[in-house]
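Here's a walk through one protein model, with a couple of helix pairs and a handful of individual residues picked out along the way. Have a look at the fold before reading on.

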Amino acid sequence: MSVSAETARGSGAPASAAEIVAAIDRSALAFAAAALLLGTLIIGYEVSPKMASLFLIGAGLGAALLHGAFGFTAGWRNCVTKSDGRGLRAQLWVIAFTALFFIPLINGMVPGLTVQGAIAPVGTSLIVGSFLFGLGMQLANGCGSGTLFTLGGGSGRMLITLVAFIIGSVVGSVQLPWWLDQPGFDPVNLAEFLTVPGALIAIFVGLALVGALTFAMEKRANFMAPARKPGHFWRGPWPLLWAGGALVVLNLLTLLIAGHPWTITYGFALWGAKAAQAIGIDMSAYEFWQWPKGDQALHTSLLADVTSVMNIGLVLGAMATAALAGSFAKAPLPSAKSALAAVIGGLLMGYGARLGFGCNIGAFLGGIASGSLHGWIWFASAFLGTLIGIRLRPAFGLAN
């Protein structure tokens with residue numbers, strides 16, 4: 001006589017693997033949804049409704065990144081190793097459409113609106129930092145945004161990366177003033193030299209040239225992109241067009257609400273500095289944390305820091321999205337070699353992000369879209385670092 005699954009479970013029979021996986025997804029979804037709701041209420045009450053909206057924007061960014069598998073690291077690696085330029089081109093058009101909105105807004109073409117772009121100096125610090133970041137992200141198998149959305153998806157390896165990223169960021173913050181004393185020059189805003197229309201034309205031409213190179217590379221390698229059908233809106237996967245469009249819109253909202261573009265890695269440095277303070281290290285003794293922004297962030301709640309709030313929202317948004325897709329915590333535990341690569345990659349990214357004034361989001365996307373020359377130099381130097389990182393991956397058991 002057969003026994004139904006329900007009766008078997010009721011009589012104490014062990015659950016199947018599929019039932020365990022489904023239970024994990026449901027638990028992750030419930031936790032993420034509750035944390036997003038509670039976080040929105042707490043941040044809205046304790047800080048401001050504006051900050052609560054940025055928390056939810058962060059969650060939306062996490063969902064778009066995870067559903068679209070919009071990883072800068074894999075996109076660059078696929079371009080080099082597989083002659084597949086789709087991921088890099090998606091990043092280029094996201095930057096182009098973001099710049100279309102950012103450049104006029106940042107340069108005061110909307111009366112009554114004052115926002116600040118991601119415009120940073122050019123020099124030794126930028127070149128060294130971005131190179132180290134590009135190298136590190138290939139060993140870590142994730143960039144700034146990739147570390148967070150993959151962590152939200154339940155990756156244990158990315159937890160290792162994040163801890164190392166935070167440590168590297170703190171060390172970088174301590175040493176950044178020395179690096180800024182090395183040869184370099186002041187920030188260059190292309191709109192100040194070329195006017196707003198001229199800056200937009202220069203950005204579009206530059207991005208188009210890079211995109212054309214990827215098409216030429218694919219043609220030379222006879223690369224044929226496999227067809228990718230749109231997935232379910234809630235369960236994914238999303239085409240790169242959907243994910244990229246969401247990134248443009250949400251980054252624009254961030255600029256309008258926060259007053260500056262979306263950033264990620266400053267939050268890691270702040271988390272590490274506060275942890276160091278908690279164990280008795282006086283971070284205010286270091287020059288970086290004496291500067292007005294650092295001093296204020298060090299002595300106020302994390303919930304008052306835009307980058308931290310958006311980062312937390314991003315992780316929770318990715319967690320909820322992964323649970324809806326039935327993909328939460330499906331990655332296997334890393335080997336010892338892979339874990340070592342995660343540590344080295346995280347340290348390099350954290351240190352490099354401080355020296356290079358950001359990561360793939362704050363420096364590459366935000367920098368170029370803001371009309372800053374440093375964004376282009378970051379891209380070139382980080383891509384060179386990526387080439388080295390790709391060559392080092394097999395030594396750590398990582399496939400290319």
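## An oblique pair: α7 and α8

Let's begin with two helices that are oblique to each other, α7 and α8. The classes run like this: angles under 35 degrees are roughly parallel, over 145 roughly antiparallel, 65 to 115 roughly perpendicular, and the rest oblique. Helix α7 covers residues 144-152 and helix α8 covers residues 156-180; they pack at about 135 degrees with 9 Å between their axes. The axes are lines fitted to C-alpha atoms, for helices over the stretch in contact, and the angles run from 0 to 180 degrees between N-to-C directions. Helices here are DSSP runs of H or I with at least four residues, strands are E runs of at least two, and both are numbered from the N terminus.

The crossing of α7 and α8 is left-handed, which is the label when the near helix is turned anticlockwise from the far one by less than a right angle; clockwise gives right-handed. On the α7 side the contact uses G144, T147, L148, T150 and L151, and these meet M158, L159, T161, L162 and F165 of α8. Contact means heavy atoms within 4.5 Å. By class, the contact of α7 with α8 has six nonpolar residues, four polar and no charged ones.

## What you're looking at

This is a predicted model, where local features need pLDDT of at least 70 and side-chain atom pairs count only at pLDDT 80 or more, while totals for chains, interfaces and linings use all residues. Residues are numbered from 1 along each chain as its sequence is written, and side-chain values use heavy atoms, with hydrogens and water left out.

The protein has 16 helices and two strands. Its radius of gyration is 22 Å, close to the 21 Å that the globule rule gives for 400 residues, so the protein is as compact as a globular protein of that length. That radius is taken over C-alpha atoms, and the rule is 2.2 Å times the number of residues to the power 0.38. The C-alpha trace spans about 85 × 55 × 45 Å along its principal axes. Of the 400 residues, 52% are buried, meaning under 20% relative accessible area, with exposed over 50% and partly exposed in between (1.4 Å probe, protein chains only). Among contacts with a separation of 6 or more, 81% join residues 24 or more positions apart.

## A roughly parallel pair: α5 and α10

Helix α5 (residues 86-106) packs on helix α10 (residues 240-258) at about 25 degrees, with the axes 10 Å apart. That angle makes α5 roughly parallel to α10. Their crossing is right-handed. Residues in the contact include W93, F97 and F101 from α5, and L241, V248 and L252 from α10. The contact of α5 with α10 divides into 15 nonpolar residues, five polar and one charged.

A99 is also found in α5, and at 0% relative accessibility it counts as buried. Leaving aside neighbours within four places in sequence, A99 is in contact with P104, L200, I203 and A369.

How many of the residues of α15 are buried? Ten of its ten residues are, in a helix that runs over residues 360-369. Among them are F364, L365 and I368. Just after α15, G371 takes a positive phi of about 85 degrees.

Over in α9 sits A199, buried at 0% relative accessibility. Its C-alpha atom is 9.6 Å from that of S370, 171 residues away along the chain. A199 touches I103, L190, A191 and L194, not counting residues up to four places away in sequence.

## Loops and positive phi

Most residues other than glycine have a negative phi. S83 has a positive phi near 55 degrees; S83 lies in the loop between α4 and α5 and is buried at 16% relative accessibility. F357 also has a positive phi, about 60 degrees, although it is not a glycine. F357 is in the loop between α14 and α15 and is partly exposed at 21%.

A221 belongs to the loop between α9 and α10 and is partly exposed, with a relative accessible area of 40%. A221 and S83 are 138 residues apart in sequence and 6.5 Å apart in space, C-alpha to C-alpha.

Notes
Ala, Val, Leu, Ile, Met, Phe, Trp, Tyr, Cys and Pro count as nonpolar, Asp, Glu, Lys and Arg as charged, and the others, Gly among them, as polar.
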